Amino acid sequence: MSVSRRQFLKTSAVTASVPLVTTLSIDSSEARIGDAVDLSLGYKPGAIRMNLNENPLGPPPAAVAAAQSAIPATNRYVSPALLKSLMGEFHGMEKDWIIVGNGSTEILKSAPLAFARDSSKNVISARETWNVTPKYAGILGAKLKYVNFLRKQHYEFDIDGMLNAVDASTGIFFVVNPNNPTGAILSYEELKRIADSLPKEVLFIIDEAYAQYTPDARSGIDLLKAGYENVLVTRTFSKAWGLAALRCGYGVGHPDVLKKIAMHGCDAASLNIAGYSALQGTLSDQTHLDSSRQLARDISSFYKQEAKKLGLQVVAGSVPLPFILLELGKRTKEIQQELEKRNIFVRHVASWGLPEHVRISGGLEEDNRAFFRELKTLL
Ligand SMILES: Cc1ncc(COP(=O)(O)O)c(C=O)c1O
């Protein structure tokens, strides 16, 4: 494994320009409250946190500097229009094609309120997936139609199965691409085939939380540019960019679609000044993304190699992602709990239809080695 945190911090010097925020003169010696903040977030000292797909490299240093510089202006609300313009420019779209979320989760939870809000509607989704949208649609009363992945060489989306499930009551067709946790990927041609097959009233949601790991692939945003108006793409700064706690996500879609969603949440009160400032400081800086991608490659090859030595099966797609799905069989829950007692946290993904798997959000070299060291003693 080649990327360690120290190395990463050394190589990613603060290069991006930090936005200017006029600061008030606050005497920092009076701001003692900061010392009392417990950043362990409830974990015991030394915890190896590989359960939430957080970026173990940390945030880009430029983002930290920019976020800090914004804190003195925290008494002000931030207009979402700023992020809409910033991301619109980034993607070559008008700003009214962007919706801002307090993390992409807010958009993915708000969409069912507009498109699948009761039992008259159904939602189509793959089963073995990060399922916030179907889950919340289900809470609202919508019917859920989960379609299992095909288990060929890799897990593959059952596109025909999912399209066959569409009927006159379908409100949302949901995919995570690349998929968390199986790593399955839909190509642009496959996305287009789905978009071509769906009735215009069905909202085709493409959750692209891990899109930065497939930088050369055409995405759902290209579908929008090609004129498909019933597509909503969600993106986040939580993963490859390493800014999960700043809660910055956005969606790209047709303005009429976004207006319907924004009636229920997002946009108006979903942006904070530290997050907005951090994004300005990082968008132009590719260093962190390159390191995140390198880490994903390292993680992917290390886990495959170590799992093979133990005779275990890794589920992965064709592109290295920063998480791994590992089959542990009937004792999966017990093994996950034993690891937890040893202060190593991974996710048992039974609720996503994978009772015999854990998803490991790959860590830094020492964390990954600790995982296998302990796992070996539990098999
Ligand atoms: C596929 C997927 N979408 C969205 C999210 C949530 O992202 P955010 O932090 O932007 O709410 C996650 C987080 O694990 C995820 O895996």
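The protein chain is assigned two domains, domain 1 covering 80-282 and domain 2 covering 288-378. The model is a predicted one. Taken over C-alpha atoms, the centres of domain 1 and domain 2 are 26 Å apart. Domain 1 contributes 22 residues to the contact, and domain 2 contributes 18 residues. On the side of domain 1 that touches domain 2, 11 residues are polar, nine are nonpolar and two are charged.

A helix pair comes next. Helix H4 spans residues 104-115 and helix H5 spans residues 132-140; their axes lie 8 Å apart and the helices pack at an angle of about 40 degrees. Angles under 35 degrees count as roughly parallel and those from 65 to 115 as roughly perpendicular, so H4 and H5 are oblique to each other. Their crossing is right-handed. From H4, the residues that meet H5 are Thr105, Leu108, Lys109, Ala111 and Pro112. Their counterparts in H5 are Val132, Thr133, Tyr136, Ala137 and Leu140. By class, this contact of H4 with H5 comprises seven nonpolar residues, two polar and one charged.

The last element is a sheet. Strands of a sheet pair through backbone hydrogen bonds, in either a parallel or an antiparallel sense. Here four strands form an open sheet in the order E11-E12-E15-E14, and the pairing is antiparallel. Strand E11 (313-315) and strand E14 (347-348) are the edge strands, each pairing on one side only. The partner of E14 is strand E15 (residues 357-361), and the two are joined by two bridges in the antiparallel sense. Within E15, Val358 is the bridge partner of His348.

Technical notes: Residues are numbered from 1 along each chain as its sequence is written. This is a predicted model: local features need pLDDT of at least 70, side-chain atom pairs count only at pLDDT 80 or more; totals for chains, interfaces and linings use all residues. Domain bounds come from an automatic or database domain assignment. Two residues are in contact if their C-beta atoms, placed from the backbone, lie within 7 Å. Ala, Val, Leu, Ile, Met, Phe, Trp, Tyr, Cys and Pro count as nonpolar, Asp, Glu, Lys and Arg as charged, and the others, Gly among them, as polar. Axes are lines fitted to C-alpha atoms, for helices over the stretch in contact, and angles run from 0 to 180 degrees between N-to-C directions. Angles under 35 degrees count as roughly parallel, over 145 as roughly antiparallel, 65 to 115 as roughly perpendicular and the rest as oblique. A crossing is left-handed if the near helix is turned anticlockwise from the far one by less than a right angle, and right-handed if clockwise. Two strands pair if DSSP finds at least two bridges between them.
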